[in-house]
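Student: I have a structure to read. Can we work through the terms one by one?
Tutor: Gladly. Have a look at it.

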Amino acid sequence: MTSVPRATSQAAPRAGADLRIPLLYLAMAVLLVVTGWIMGANYALTIVNMGLISAIMALGVNLQWGYAGLFNIGVLGFLALGGLATVLVAMPPVVEAWEAGGLRVMAGLVLGFVTILGLVQIWKRMAPGRARTWSMIVFGVAGLLVTRWVFDPGVAAVEAVSPASTGYLGGLGLPVLLAWPAGGLLAAGAAWVIGKTALGLRSDYLAIATLGIGEIILAVLKNEDWLARGVKNVVGIPSPVPQAIQLQNDPDFVARAAQLGYDPVTASTLWNKILYMGLFAAVLLVVLVLAQLALHSPWGRMMRAIRDNEVAAEAMGKDVTRRHLQIFVLGSAVIGIAGAMMVTLDGQLTPGSYQPLRYTFLIWVMVIVGGSGNNWGAILGGFLIWWLWVVVEPLGRWIFAHLIGVLPEGSWLAGHLAGAEAHMRLLTMGVLLLLVLRFSPRGLIPER
Amino acid sequence: MEPLNALVVFLNFVFIPAAAYGAQLALGALGVTLIYGILRFSNFAHGDTMAFGTAITILVTFALQGAGVTFGPLPTALLALPVGIAATALLVLGTDRSVYRFYRERKAAPVILVIVSMGVMFVMNGIVRFIIGVEDVVFTDGARFVIDARGFREATGLAEGLALRSTQVITLVTAAVAVALLFWFLNRTRTGKSMRAFSDNEDLALLSGISPERVVAITWIIVAALATTAGVLYGLDKSFKAFTYFQLLLPIFAAAIVGGLGNPVGAIAGGFIIAFSEVMVTYAWRKVVAYLLPEGLEPTSLLQLMSTEYKFAVSFAILVIVLLFRPTGLFKGQSV
């Protein structure tokens, strides 16, 4: 597995490189301010909040790809696990469901786990050969049947408890902010299991394996209704900051808003978003500082040495597989935290909305356009690409409206274009990715 | 005990659908494996190449139907297929010239080409949605069944019916023809032999005067033909939806890798292995077992190992197991 993320030779450091980062960030800020000026502050704040979360996702992918050259395209799965953690931590437990079949479900899970452990033990202890294959098959099928025999009635009982509103086990009822580290832990745990099995694989096999694992995690989330209601969605996840409606009912807040010349509705939505922004920015700052410290530590140098020449690093006595596992887990944890934050911001978990193009490949575009290997680049990419993803649609609508105006009334093309601006996003992202890879493969803010 | 009825249920719900699906996956996996063998990267845009070819074929089909042209009992889409193949070939040749060639000349690492193909995937996905939208499109016409369930029950007197849809027969026949042509080309013609030589040892092939750009161009044309055929057959059998084709990428890659990337025979075997495992693991066996067991012993549960929603999980479980225990696939594939 030789993965060398950079296609071209290292460019010589330029004199203006120090100014490049502040200038690009200034340009990004101007873009956001202009957007706010045209579309309203509320719109711009929505973009900023999701931009902050996107930046954290990009940092996670950058850890794996930029530092270590690991090709993970299962981002979606880790994001979804982070979102699941939010439900499991913050939602109140459904007592009736626990009484109906909670223990049975848990017992089923334990049995399934025991089956897998047993399979691993058979694999390790028996001599290779037909006997081992058959005992594994027999043990596996028997274990599956017993597990299902315990598990299925429990699931049915849990899902039967007022299915329209709950029908799942619920969460722990803890403060929602705890869900963010929990999301990181859950994603890290999954990454450890996946990394243990898949990290020995060649780069593009690892890519396919992670792609598949992401899909499997999503399939579990969509279909295991007892866990988080599946495609019926969990709504009303508690919010860590006061909701707009709460603020509007708070006389102090309304009075203060009136003093500043805002009506309560506008002021409350803006204040709610600003509070979220503060929380997200704090998390981003912590992750960034840690990532920068790691990058410039001996550990970071070792990671890059492994990335650039695995064989040489191994010859120097570095444990490549263990280091890979380490950074795969760390990066996935960061992605999981971002996933939990996203679900907290939305206030709901909607497994049906997790699309690979949006939640895996778009994050990759962010990292590559921003500059893989550079944390400042990843953050800038997160903001820029998210901004572009949001504004391309209204922009496309505007362009098409003018195009249609030029075309003769009622022509086939005009009718076709009218509905097509929605598809502009994918096209723009693809063209942008290809252009950056071709003409500036090290991204907007190249690795130093 | 009625083994005949059990056999009919098995054929009707497991064997025939899995065989048709397997043929579609095999054609798709052949495209992936050829690109891997010659151009040496995993092409993530393959699903969307299939979707593009199918979209063009659908448009031509609708135009033909509008002009009153049909293909008798066969679907009109088969008449439109060559046009779809030609359009797709132009698209992939254009993509190769404008995108991939640059990296090939610089001998970029395979993983860079994979990321580039992700960009191409985005663009093609956008183009397909632009051309035909995101809705389900049904474009099959002609005779629906070769054998229909009621006719079969009346003719045989069995309790269970066997339905053989014409699209399933067409899928199998077309796939067999396509594979026969491909293998004849690869094994018997000069160009095909030069392709295999290039795949086996690039430097040696260059030394013996094989033009790399020609080999690459021919590969793309063959891949366009295979991808469009696979896409159209899948669309005829089920229906066309841009997003479904993107999702097909997963089982197709699984099939190509399980068979051994770069190995055409492996791709075909892989396609059928994935398709049969998906269908067999997610099928509820209750009816089959009920016919096989003596009366009074009918099973009460569905006897379904996993619910249908987990079919992707099945292909990936197989993929991961094969990769862990035989990293180059069941049939020996290449390893870069």
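Tutor: Start with a definition. A crossing of two helices is right-handed if the near helix is turned clockwise from the far one by less than a right angle. In this predicted model, helix 3 of chain A passes helix 15 of chain A in a right-handed crossing.

Student: Which residues make that contact?
Tutor: Helix 3 of chain A brings A:Val75, A:Leu76 and A:Leu79. Helix 15 of chain A brings A:Pro356, A:Tyr359, A:Thr360 and A:Ile363.

Student: What classes of residue does the contact of helix 3 of chain A with helix 15 of chain A have?
Tutor: Six nonpolar, one polar and no charged residues.

Student: Why is helix 3 of chain A called roughly perpendicular to helix 15 of chain A?
Tutor: Their axes come within 8 Å and cross at roughly 115°. Angles of 65 to 115 degrees count as roughly perpendicular. Therefore helix 3 of chain A is roughly perpendicular to helix 15 of chain A.

Student: How is chain A divided into domains?
Tutor: Domain 1 is 37–93 + 170–439, and domain 2 is 94–169. Their C-alpha centres lie 32 Å apart.

Student: How many residues does each domain of chain A give to the contact?
Tutor: Domain 1 gives seven residues and domain 2 gives 12. The domain 1 side has four nonpolar, one polar and two charged residues.

Student: Where in chain B is confidence lowest, and where highest?
Tutor: Lowest in helix 13 (residues 311–325), at a mean pLDDT of 81. Highest in helix 3 (residues 77–105) of chain B, at 95. The mean for chain B is 89.

Definitions and conventions. Residues are numbered from 1 along each chain as its sequence is written. Chains are lettered from A and ligands numbered from 1 in the order in which they are written. This is a predicted model: local features need pLDDT of at least 70, side-chain atom pairs count only at pLDDT 80 or more; totals for chains, interfaces and linings use all residues. pLDDT is the predictor's confidence in each residue, from 0 to 100. Helices (H or I, at least four residues) and strands (E, at least two) are DSSP runs, numbered from the N terminus. Axes are lines fitted to C-alpha atoms, for helices over the stretch in contact, and angles run from 0 to 180 degrees between N-to-C directions. Angles under 35 degrees count as roughly parallel, over 145 as roughly antiparallel, 65 to 115 as roughly perpendicular and the rest as oblique. Two residues are in contact if their C-beta atoms, placed from the backbone, lie within 7 Å. Ala, Val, Leu, Ile, Met, Phe, Trp, Tyr, Cys and Pro count as nonpolar, Asp, Glu, Lys and Arg as charged, and the others, Gly among them, as polar. Domain bounds come from an automatic or database domain assignment.
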